[in-house]
Amino acid sequence: MSARRSRLMTMAAASGLAVVLAAHVAGGSSLAATPVGGTRPSHGSVGTPTTTTAGAPPPNGSTTTATPQGLRSATGAMEQYGYGEIAVRISVRGTRIVQATVSTLQTAESYSQQLAQQVIPTLQSEVLSAQSAQISAISGATYTCQGYAASVQSALDQLGVK
Amino acid sequence: MGTVVSYLVDPGPLSDDEVSSAMAESTAELHRLDGIFSTWVPDSPMSRYRLGELDAEELPPEIPVVLELCASVKQMSRGWFDPWAMPGGVDPTGLVKGWAVEKATAILVRAGVAGALVNGGGDVATFGSCAGDGRWRIGIQHPWRVDALACVVEVAGGRAVATSGRYERGEHLIDPFAAVLQHRGAGARAASATVSGPELAVADALATALMVAGSDALSLVAALRGYSAYRILEDGTEEATAGFPFADAGQRSRSA
């Protein structure tokens, strides 16, 4: 494995196709921010909308913070994704996003209530907390995508990053 | 299209500039292909082709390539995947997203990255090594719990994973609950289907097909060299072909 890796993330959107890019880091990273996803550097929090980070819980709301290393962070607005709300917290250095984590993934009260009222089939190996599964990506979670992208854009706007 | 594509990249020996350049080329290609195939854009080549407005000579070469692949998968799936059965004209949507993600991934591979995972709205292409033991762990979206996984699969780089779900079609997850059966039985509809194999375009199309196909369809997929499938029905029944890459050994007991 390469001894030198870099973590970079940028976002671009055009004609309805939003692209979120992320690259992974191994240990030895110069980033001061909380590592995404804990011990496995390739954790799915980055670029994977429905996992929540296993690191220190970031503050909710639209707070921005800055560190001496020039790392600035902001939490994007809570965005609807059809079954609830999602908010993403990003850290940038200059114009480059160096980290993105899902800070909040809430299912709507109405949805949760309906779940509670139904007899819901249980799957043999279902994982009710995606963050514990140590995954790099989720196959099938399309409906969180736009909310995720919108929240990231909101955070970028707060930080004044194009 | 509204699809979000996310990338996980291990640059390996590439410099930051080389990675940035490869990413730019890869995303540009996605936008270019979206411009060709989007059926949401009225004057995209695909839209015009569906209306019969384009002659063969005017077609971008990607369209016949994709349509030929569609025909191939239609045959493989005994017609369960049939883009020509769509209202409004041939619609390769069930395959082209996976195809485009494959193309985008190939650009990174050619650039020399050590590893990559590209996830286009649930269609996942992988290459090379993931940090750790090198295999990629991919969660499969739970079909009726939005913040949960149905299971986890683990694949080596080069294998793709595509999931198609009823929840993607704008049907509320709540609605199927009205029909959730208290007992298992024939007639339960598929809630989601996942296919893994070497080509994401094919996996994408097969997963689409499995959403509507009958119970014999899983064995169809099993007969295709390198492909395996996992399907969840609305009543909670799970079916999988032998070799479906469940991450934990305990899950393999579900294989057909």
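This is a predicted model: local features need pLDDT of at least 70, side-chain atom pairs count only at pLDDT 80 or more; totals for chains, interfaces and linings use all residues.
Local features need pLDDT of at least 70, side-chain atom pairs count only at pLDDT 80 or more, and totals for chains, interfaces and linings use all residues. Residues are numbered from 1 along each chain as its sequence is written, and chains are lettered from A in the order in which they are written.

Trainee: How many helices and strands does chain B have?

Mentor: Helices (H or I, at least four residues) and strands (E, at least two) are DSSP runs, numbered from the N terminus. On that basis, chain B has 7 helices and 9 strands.

Trainee: What share of the residues in chain B is buried?

Mentor: A residue is buried if 20 or more other C-beta atoms, placed from the backbone, lie within 10 Å of its own. Among the 256 residues in chain B, the buried share is 52%.

Trainee: How are H4(B) and H6(B) oriented to each other?

Mentor: Helix H4 (residues 93-111) of chain B packs with helix H6 (residues 200-212) of chain B at about 155°, their axes lying 7 Å apart. Axes are lines fitted to C-alpha atoms, for helices over the stretch in contact, and angles run from 0 to 180 degrees between N-to-C directions. Angles over 145 degrees count as roughly antiparallel. The two helices H4(B) and H6(B) are therefore roughly antiparallel.

Trainee: How do the residues of the contact of H4(B) with H6(B) divide?

Mentor: Contact means C-beta atoms, placed from the backbone, within 7 Å. Residues including Trp99(B) and Val101(B) in H4(B) meet residues of H6(B), among them Ala203(B) and Thr208(B). Ala, Val, Leu, Ile, Met, Phe, Trp, Tyr, Cys and Pro count as nonpolar, Asp, Glu, Lys and Arg as charged, and the others, Gly among them, as polar. The division is 7 nonpolar, 3 polar and 3 charged.

Trainee: At what distance do the axes of helix H1 of chain B and H4(B) lie?

Mentor: Helix H1 (residues 16-37) of chain B packs with H4(B) at an angle of about 155°. H1(B) and H4(B) are therefore roughly antiparallel. The distance between their axes is 9 Å.

Note on methods:
Angles under 35 degrees count as roughly parallel, over 145 as roughly antiparallel, 65 to 115 as roughly perpendicular and the rest as oblique. Two residues are in contact if their C-beta atoms, placed from the backbone, lie within 7 Å. A residue is buried if 20 or more other C-beta atoms lie within 10 Å of its own, exposed if 12 or fewer, and partly exposed in between; C-beta atoms are placed from the backbone.
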